[in-house]
Amino acid sequence: MDFNYSEEQVLLRESIGKFLQKNYSFEQRRAIIQGREGMNAAVWDGFASMGLHGIPVPEEFGGFGGSGLDVMLVMEAFGRALVVEPYLSSTIMAGYTIALGGSDAQRSILLPRIADGSMKFAFGHGEPGTRYELNQVATTARQENGMWVINGAKSVMMHGGLADLLIVSARTSGEVDSPGGISLFFVNPAESGVTGREYPTYDGMRAAEVGFDNVTISPESIIGVLDDGYALLEAVTDRGIAAVCAEAVGCMDALKDATLDYLKTRQQFGMPIGKFQALQHRLVDMLIQTEQARSMAMLAAVKVDAPDTTERRRCLAAAKELVGRAGRFVGQQAIQLHGGMGMTDELAVGHYVKRLAAIETMFGDGDLQVDRFTSSQVEVAETPLRKPARKWKNLV
Amino acid sequence: MDLNYSPQELAFRDEVRSFVRSRLPHEISRKVLEHKRLGRDDYLVWQKLLHAQGWMAPNWPAQYGGAAWTAVQQHIFDEECAEAGAPRIIPFGVNMVGPVIIAFGSAWQKQHYLPRILSSEDWWCQGYSEPGAGSDLASLKTRAERRGEHYVVNGQKTWTTLAQHADMIFCLVRTASTGKRQEGISFLLVDMRTPGVNVRPIITLDGEHEVNEVWFEDVEVPVENLVGEEGRGWTYAKFLLAHERSGIAGVGASKRELRMLKYIASQEKRSGRPLIEDVRFRDRIARVEIDLMALEITNLRMLAAEREGRAPGAEVSMLKIRGTDIQQTLTELMMDAVGPYALPHLPDAWGDHWLGEHVGPEYAAPLAARYFNHRKVSIYGGSNEIQRNIVAQHILGL
């Protein structure tokens, strides 16, 4: 049992912290969000030079084959700084899709470009009319003259507008809600028939609605095994879940610190408001929820690498459910304890709260995670009780 | 980072597990698992088995007959015992007064009391709370006046758990009423058989007799029963609190109760299907199970920190708050699971030697009483509001 980062990981965390302190103040972030691109290329390259894009990439392809814990420490720091660059969509989601499911050719061509940050990806799975279900895919891919032809639409594709290459789930056989018959494809957004509409999201990021109208792509565009993309989709989604759990912990830590600071400095009735028990207890509950969330983010970071998929699914679902719930609680309390100031755009508080709200629904809200959790129960209800006898008798 | 126990710790767990499996009497574990009432002897039988194994005092130094386990080993031991349905070890002797005597007691006190705690010859209870001193413990009024070789004690303690079985009580008493209130408090060991000590039962809302009032009327206590120095009782009490933390999160017991909840929910029906398949009920179970998973890791994180030499302080309060919330939720869910069969109130049905017929399923009989009884857990041992004050003060610096 050891809950500490390794020495190397501590050093990495320190250098990320320093980098973000210098390049990612709240004002610098605001400028990035208001810019045309919605991201900062120099910051993105800075991540590359620290090796952050190389975490999901095996060493042979220019990365360092990091673990779930490496992702955790990066995402925690990104949560604290509210980083809006497409690290989750591109480096994590696409990086792991290619590393786990890509062909040799795809891996050798694309993984080095993930690792050096020279290509950006977006991951498109959700569709209009679905929520977060992984098995619901109406977008189709059919074979025609040796090519794949894609038709359909993907909704709220994070960072879809700035991707060089999209990863898209499509149905290659089976019913619209069948886990079998789903395949993953690379689609070049410049391909004819791809339409897109980019828009900002409330958490300072960008997303896009992307349509596919008879988009014809090469046979090498398929990722992994035909009809068998569901397992890969779920594995990559779990990578995403582990990442956002850690990011949420970073957000919660920042909110807890900001709120504590506010309670110590804000004066009312001639004393700091932190002297009032009603407010103290709210902050204590924020702290408890944050620690519970941290525990689950750790569990997620460790179990995401687990070979047993049932165990992985169960733990990742549990982590996401608890972190989502904790994040909502901590966010709401932080605004309440900041009073009117918590309502302003000027303070960072609201921005953390918005990111936490986005994370809560991303990859499936609490209800969906409870479904996943209960459907992956391994233990059977056992008891040493005798079989209960149902006896009816009038009470005298 | 590694969330698993070390090979040595796993070996220790196996050793504890096989001991508990082979030695814990089935009729006792059955009572615990089925929420039946435990009698004095049930506790004593188990404690004597542990004593024979040398495991009665996990946290005492070896020189006093303790097992001298690490915090992680103690945790493993607590978990294994709780999950298997062992009765809890009555904490007042071995976990509370024992460490105080070891740290501050006289040579005579150590020699006399420690072996009797280990062998369960003395059953201890705790004389802290008073009618006018609950959360504000330092306002206690029970007086001890020095008269020659005795203290003469007058006053009243309350909420004294299982005092009806006790041979000894350790008390916080007022030996001075001048100066700072905390400085006038002393730590006194009183024989329950001394003339003038009277125990009166308090029946709680579940109909059970678990707590008592203990009255002192001109009770003569030999001065050698004063622990440490007069006026230093508050310091010893705070020291004791730091030793009370073992197992405070109750993860092992909650895992056991979660299994029982799932079992009950798999037996009960809703619309002809097992209740556990009902989405609403299933979700309530899932959410408390997830909370418990998180608490288990939080608990292990704190143990690991302790092993690295960071003494646990106010973090323990967080474990108490979350742990008791979860315990209460589990009792609620079990009661809700049996629906109308929670209502029949036949207290004998969860006692020894009940030969009557149960109304509804046997497991339903004690569930409502258990739910009502467990409202206590967020009150005792420092209410959860007091725990929040502690965290606010000592972790947050408010």
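Predicted model: local features only at pLDDT ≥ 70, side-chain atom pairs only at ≥ 80, totals over all residues.
**Domains of chain A**

Let's start with how chain A is divided. The table lists its parts.

| Domain of chain A | Residues |
|---|---|
| domain 1 | 7-120 |
| domain 2 | 123-223 |
| domain 3 | 230-375 |

Take domain 1 and domain 3 of chain A: their centres, taken over C-alpha atoms, are separated by 22 Å. Where these two domains touch, domain 1 of chain A contributes 20 residues and domain 3 of chain A contributes 25 residues. On the domain 1 side, helices α4 (68-81) and α5 (87-101) of chain A each supply at least two residues. The most comes from α4(A), which gives 10 residues to that side. Sorted by class, the domain 1 side has 13 nonpolar, five polar and two charged residues.

**The nonpolar core**

Now look for the largest nonpolar core, which has 227 residues. The residues with the most contacts inside this core are F185(A), C245(A), A297(A), A300(A) and A319(A). Helix α7 of chain A, running over residues 230-265, gives the most to the core, with 19 residues. As background, nonpolar side chains in soluble globular proteins tend to be buried together.

Leaving out residues up to four places away in sequence, A319(A) touches I241(A), C245(A), M296(A), A297(A), L299(A) and A300(A).

**Where chain A meets chain B**

How many residues of chain A are in contact with chain B? There are 39 of them, and they are in contact with 46 residues of chain B. On the chain A side, the elements giving two or more residues are α7, α8 (277-303), α9 (309-338) and α11 of chain A. The largest share, 13 residues, comes from α8(A). By class, this side of chain A has 24 nonpolar, eight polar and seven charged residues.

**A crossing pair of helices**

Helix α11 of chain A (residues 366-375) packs with helix α9 of chain B (residues 279-307) at an angle of about 85°, and their axes are 10 Å apart. Angles of 65 to 115 degrees count as roughly perpendicular, so α11(A) and α9(B) are roughly perpendicular to each other. From α11(A), the contact is made by V370(A), F373(A) and T374(A), while α9(B) brings R282(B), D283(B), A286(B), R287(B) and I290(B). By class, this contact of α11(A) with α9(B) has four nonpolar, one polar and three charged residues.

Key. Residues numbered from 1 in each chain as written. Chains lettered and ligands numbered in written order. Core = buried A, V, L, I, M, F, W, Y, C linked by C-beta atoms within 7 Å. Buried ≥ 20, exposed ≤ 12 C-beta atoms within 10 Å, placed from the backbone. Helix = DSSP H or I, 4+ residues; strand = E, 2+ residues; numbered from the N terminus. Contact = placed C-beta atoms within 7 Å. Axes fitted to C-alpha atoms, helices over the stretch in contact; angles between N-to-C directions. Parallel < 35°, antiparallel > 145°, perpendicular 65-115°, else oblique. Nonpolar A, V, L, I, M, F, W, Y, C, P; charged D, E, K, R; others polar. Domains from an automatic or database assignment.
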